[in-house]
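Have the sequence and the 3D view at hand.

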Amino acid sequence: MFLPKLFLVFYTLSLFWKKNECADNRKFPSEFKFGVATASYQIEGGWNVDGKGENIWDRLTHETNLVKDNSTGNVACDSYHKYKEDLALLGDLGVDFYRFSLSWSRILPTGYIDGQINDAGVKYYEEILSELEKRGIEAMVTLYHWDLPQKLQDDFGGVLNDTFIEVFANYAQLAFELFGSRVKHWVTFNEPFIICQQGYENGLKAPAITKAPGIDLYTCAHVILKAHAKAYRIYDKSYRKTQNGKITIVLNTDWFEPASSDSKDLEASERKLQFQFGWFAHPIVYGNYPQVMIDRIEERSIKEGFKESRLPKFTDNEIEDIKGTYDFIGLNHYTTTLAEWSTDIAIGKPKSTKDISVNIFKNSSWEGSASNWLKVVPWGIRKISKWIKDTYKNPEIIITENGYSDVGGIFDDSRRVNYYREYLSNVLKAIYDDGVNITAYAAWSFLDNFEWLNGYTEKFGLYSVNFSDPERPRTPKSSVNYYKNIMATKCLVDQCL
Ligand code: GBE
């Protein structure tokens, strides 16, 4: 009777001690900014109202069975109608900035600038921007978070066609023109790696075209990098001076921890990072793809019988144009994966994972979440930040997404609180101990929302949304209080130094 009780007391104490021991008790720099992030298709709903055009996620959710719970973003959080309530919540939360994305086909129903501009769509984003302004919340606006107007897919194959570059640039310019005076940070594309690798190789994102693995994804990235550069140059030339904002692309990556200290595993980790993050970061920082990609893809392509590399080549002009098109690095980071050296996968049908030929897996002792890919590995965010600093000339970094999923309906979300505490602790270590220039952080996500092919089965929100209620009521989880407190005190624990 007595012993188990005593044990329980010590066990509880030790947990408490551990909790506080892990969290860093230094304060974030006073100018450090906190925000929350969302994306149009995941929260807005209103998929066919007030003149909005169809996009590739409307099409995928309506005409395939790819979404796990067979759900759609037709209504989602209904933020198209409930934005005032959402903005009031953001005000109460006390964020410095709000990262959200524009639904391209809500503004330009066909995607083209010479189609009609949809006034209702423009007005919707103007209202959001004025509600933000009213509350002193800065806007970080993503132009493209995966919801391509369907017509652009149908007319010329979307991001596989160079036509996309100009069509995107026109849309970007319209957005700068309409909204730019009230936007501090612009993001051209969210996660081009996912757009290309999942949209055009493994089929886990719209348009889920998988017919040319090892080929289409590289074309996609090539087009996106050029479209990004074109939009950046337009902003730089015609809007920066008057609008005074910053513009970049947002890249996602896990930290790939070498599976052992063997130098082969270090090489595997580095190669994996280069093929994921470097694929886009190397061009925007240095002008071209990482050498390891150029060499390996060329070598395999020739062995496979192609006349030239499956990785397209930039012209000298394109290299000059792409180089330097970032005012900061936007990083979406959630988790860590182990990387282990492997012999090269045999030549056969092309695939990007074969070009990389690295074994990746998770450590079974890492805490899980509702997403099978998301393990809680807080030290990974410190390592990836340091790697970016060292590899890309110590850029300003904004963490544009970081967060944790559960299955929903959990209001006392202590595992999410733990996730934010531990990940942010490591952000502090990156800043103070490794000298990484991280200036802001956005939690993913503001609201529970439509989690792409996982539908409504994985919830990332600080606020819960009841998706079976037509009113879509929002309820704060415990993490709201914790995040509020961080923002108010710049401190992760009860008392900072
Ligand atoms: C972000 O991407 C997205 O920007 C955001 O829209 C999304 O809601 C958020 O992640 C949470 O997922 O079959 O799901 O296991 C896909 C983060 C796994 C990058 C996970 C897809 C990480 C890309 C395979 N990854 N994600 S599966």
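This is a predicted model. Helix 9 spans residues 192-202. Other elements that give two or more residues to this lining are helix 10 (216-243), helix 11 (263-286), helix 14 (352-356) and strand 9 (358-361).

The pocket itself has a volume of about 1100 Å³. Sorted by class, the lining holds 21 nonpolar, 17 polar and nine charged residues.

What takes up this space? The largest pocket is the space taken by the ligand. Around the ligand there are 19 residues, and Gln-42, Glu-191, Asn-372, Glu-451 and Trp-452 come nearest. This shell divides into eight nonpolar, eight polar and three charged residues.

Some of the contacts can be followed atom by atom. In the side chain of Glu-191, an N or O atom is 2.8 Å from an oxygen atom of the ligand. The side chain of Asn-372 likewise has an N or O atom 2.8 Å from a ligand oxygen. For Asn-190, a polar side-chain atom lies 3.1 Å from an oxygen atom of the ligand. As for how much of the ligand is covered, it exposes 600 Å² when taken alone, and the protein buries 84% of that area.

Terms used: Residues are numbered from 1 along each chain as its sequence is written. This is a predicted model: local features need pLDDT of at least 70, side-chain atom pairs count only at pLDDT 80 or more; totals for chains, interfaces and linings use all residues. Side-chain values use heavy atoms; hydrogens and water are left out. On a 1 Å grid over the protein atoms alone, a cavity is a set of points where a 1.4 Å probe fits but cannot get out, and a pocket is an open set with protein on both sides within 12 Å along at least five of seven lines; lining residues have an atom within 4 Å of a point. Grid points are joined across faces, edges and corners, and a volume is the space filled by probe spheres set on the points. Helices (H or I, at least four residues) and strands (E, at least two) are DSSP runs, numbered from the N terminus. Ala, Val, Leu, Ile, Met, Phe, Trp, Tyr, Cys and Pro count as nonpolar, Asp, Glu, Lys and Arg as charged, and the others, Gly among them, as polar. A residue is near a molecule or strand if one of its heavy atoms lies within 4 Å of it. A polar contact is a pair of N or O atoms within 3.5 Å; within protein, one must be able to donate a hydrogen and the other to accept it, and residues adjacent in sequence count only if both atoms are side-chain atoms. Accessible areas come from the Shrake-Rupley method with a 1.4 Å probe; for residues, only the protein chains shown count as cover. A molecule sits in a cavity or pocket if more than half of its atoms lie within 2 Å of its grid points.
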